[in-house]
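I opened the model today and kept notes as I went. The entries follow the order in which I looked things up.

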Amino acid sequence: MEFEPTEEVKEPPRIHRLDESVVNRIAAGEVIQRPVSAVKELVENSLDASSTSISVAVKDGGLKLIQVSDDGHGIRYEDLPILCERHTTSKLSKYEDLQSIKSMGFRGEALASMTYVGHVTVTTITRGQLHGYRVSYRDGVMEHEPKACAAVKGTQIMIENLFYNMIARRKTLQNSTDDYTKIVDLLSRFAIHHIDVGFSCRKHGAARADVHSVATPSRLNAIKSVYGISVAQNLIKIEAADNDPSSSVFEMAGFISNSNYVAKKTTMVLFINDRLVECTALKRAIEVVYAATLPKASKPFIYMSIILPPEHVDVNVHPTKREVSLLNQEVIVEKIQSVVESMLRNSDESRTFQEQAVEASPSVPPVTSNDLDLSPLPSGSKSQKVPVHKIVRTDSSDPAGRLHAYLYNNTQKHLERDSSLTAVRSSVRQRRNLKETADLTSIQELINDVDSKCHSGLLDIVSKCTYVGMADDVFALLQHNTHLYLANVVNLSKELMYQQALRRFAHFNAIQLSEPAPLHELIMLALKEEDLDLESNENDDLKEKIAEMNAQLLRQKAEMLEEYFCIFIDSDGNLSRLPILLDQYIPDMDRVPEFVLCLGNDVDWEEEKKCFQSLAAALGNFYAMHPPLLPNPSGKGLEFYRKGKHGKNPRDGENSSSHVGDGVAIEDEFEHELLSEAETAWAQREWSIQHVLFPSMRLFLKPPNSMAVNGTFVRVASLEKLYKVFERC
């Protein structure tokens, strides 16, 4: 007979009290998470002691030594025995005091926790004493009676062998460089807020401090000394306040970075009631605002100090006091976000841009495209030996395959590339999510027309294409997947500018002309350029009348032009401001006379919708990337700039016979000033096409159906077929 084994009945485990030393050590591990936590607690104690100078020395990232010295009021001799016991504090006496707490410490756990995970030595002297006292602590109690010693004003607290009894914690903190960087960042944040206190932070034994700030009346100077001039010069002062008890009561002041600031990581320094804290909701709200203003890869710098009634702040929500809870937090965050958005928008209107000079790429022979269209080419039924994605020649993130990389580069005749190219190229991504604030029905209807007439196939090509190079003066070569296309940059830029004029309606940034240009003179210039017979003066009176009528008309419409399109015309009839349709792009100012004449002649001023449509079209034509007026010096247009020696044509027989030895010199003689101007203009245009037009086109352009049939896009080759040809060779 078999017997089944009986299961052993287990008793429930006993509940017992942990030893006090175990409890204290566990609590210490929560409060002092790493060396920077200890530094923060000690610096805050120094600030509570009304210090005007705080010095920090660190060895091995704080594991071997942390020394914090201040010139505060010191510690009374009578308080030294209980200084490092848990829950001993001078900051409050009853729980209700938390509702009006103004000091940074209040729990009485920081120093006690340090004694449970390190060896703590305190040296202090109070005002009026002839000498100070030094005493060491371990596990919350004094190791010996305080000893009299020489001391300078204030307190010095030294922590040695941090986490000596927490092996796992100590092993995870072996990277001393990382911890020291965190300590430097902490002191930097304190330094720009407490500008009436001098801060110093250095590695033990080092002669030079990594943070060194002195008391200053200017917070901007403090930021400059700590974070550098490159940060300080790109900051905007910001303020916000509310005094409505039904919603929120607060005051906020600080600095935020403007649109020119570029960084890879958000730096947010936030003090609430002078307490260094974090607020994830506020940080995310501000980052949302910046996402539509800064380039994708760039993050903002933010310093804010928020003051609220003490009873509206719950400081007791985190062991390290890193976070606080605010009354009506959502309302406060929303109001601060609104102010930040407004400040950024206003600052963006006064941005200044520098011209970017890059090397011009010689044009390549034009490609015949009469028999080509956008219809897909047959790709055959045979399977490919190489995956399609590996045939792709280049992509937008890798410029190695672009056309100009294979062309001869004459560095003496072309402009040098600016070192800040990456930042400038990214800036076209500003206003990625443009807020369509078209209050007028007519503008919204025009935008809806653009959206409804968008060609889906072309939209896919435009949004995912890669710029390869210029095929001639008008057509650019671009790649989409494994297909190559010729694209008319004039048509593309004209349509893009037209759409931008509608979408940025009443929210333009401005180009300020160096000198106001009289409308009458501009229109006269345009009329004379249209007149083929330059020597004829028969129509001068008629031109004068046309110029005067158009100038008068534009003066009458000046208020509307300024409000809706940022075209500023003063009371004297001078043009002094033009809108920015694409960031980092300024149109060809030689075409301003033609643009002004177009405003007077071609705009339908009677009906609102037609008026805005024709104005946007005039802007689109003016801002389009037309070929410069001077011939292209890298092609056949170079002949335009040749000059003969002594004013004679170098091809004349007489000149050739009398200067045979100088033939080569004569052939190479050019109008250098004119040639240099032409090279600059063409180089700027090609740079703008590659780094402004195409990135903006991918983001903003909605190509109309007409572009599929009017020759704006022409497919010229399939890389899949070309690959097979090369494979057989």
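**Entry 1: the end of α6.** I started at Gly 228, which sits just after α6 and takes a positive phi of about 105°. Helices here are DSSP runs of H or I of at least four residues, strands are E runs of at least two, and both are numbered from the N terminus. I then went to the other end of α6 (residues 219-227). Ser 218 caps that N-terminal end, with a side-chain oxygen 3.4 Å from the backbone nitrogen of Leu 220.

**Entry 2: ground rules.** The model is predicted, so I noted that local features need pLDDT of at least 70 and side-chain atom pairs pLDDT 80 or more, while totals for chains, interfaces and linings use all residues. Residues are numbered from 1 along each chain as its sequence is written, and side-chain values use heavy atoms, leaving out hydrogens and water.

**Entry 3: positive phi elsewhere.** Most residues other than glycine have a negative phi. Asn 273 has phi near 55°. I found Asn 273 in the loop between β12 (267-272) and β13 (275-277). Asn 328 has phi near 60°. Its loop runs between β16 (325-326) and α9 (329-348). Is Asn 328 buried, exposed or partly exposed? Asn 328 counts as partly exposed because its relative accessibility is 29%. Buried means under 20% relative accessible area, exposed over 50%, and partly exposed in between (1.4 Å probe, protein chains only).

**Entry 4: the whole chain.** I counted 23 helices and 23 strands. Of the 729 residues, 48% are buried.

**Entry 5: the cores.** A nonpolar core is a set of buried Ala, Val, Leu, Ile, Met, Phe, Trp, Tyr and Cys residues joined through side-chain atoms within 4.5 Å. The largest has 77 residues. Phe 565, Leu 575, Leu 615, Tyr 623, Phe 694 and Phe 713 touch the most other members. I picked Phe 565. Beyond four places in sequence, its contacts (heavy atoms within 4.5 Å) include Ala 501, Phe 505, Phe 508 and Leu 619. A second, separate core has 58 residues, among them Val 39, Ile 54, Leu 63 and Cys 84.

**Entry 6: Gln 67.** I placed Gln 67 in strand β2 (residues 65-70). Gln 67 and Val 56 are 11 residues apart in sequence, yet 5.6 Å apart in space, C-alpha to C-alpha. Leaving aside neighbours within four places, Gln 67 also contacts residues including Gln 156, Ile 157 and Met 158.

Terms used: A polar contact is a pair of N or O atoms within 3.5 Å; within protein, one must be able to donate a hydrogen and the other to accept it, and residues adjacent in sequence count only if both atoms are side-chain atoms.
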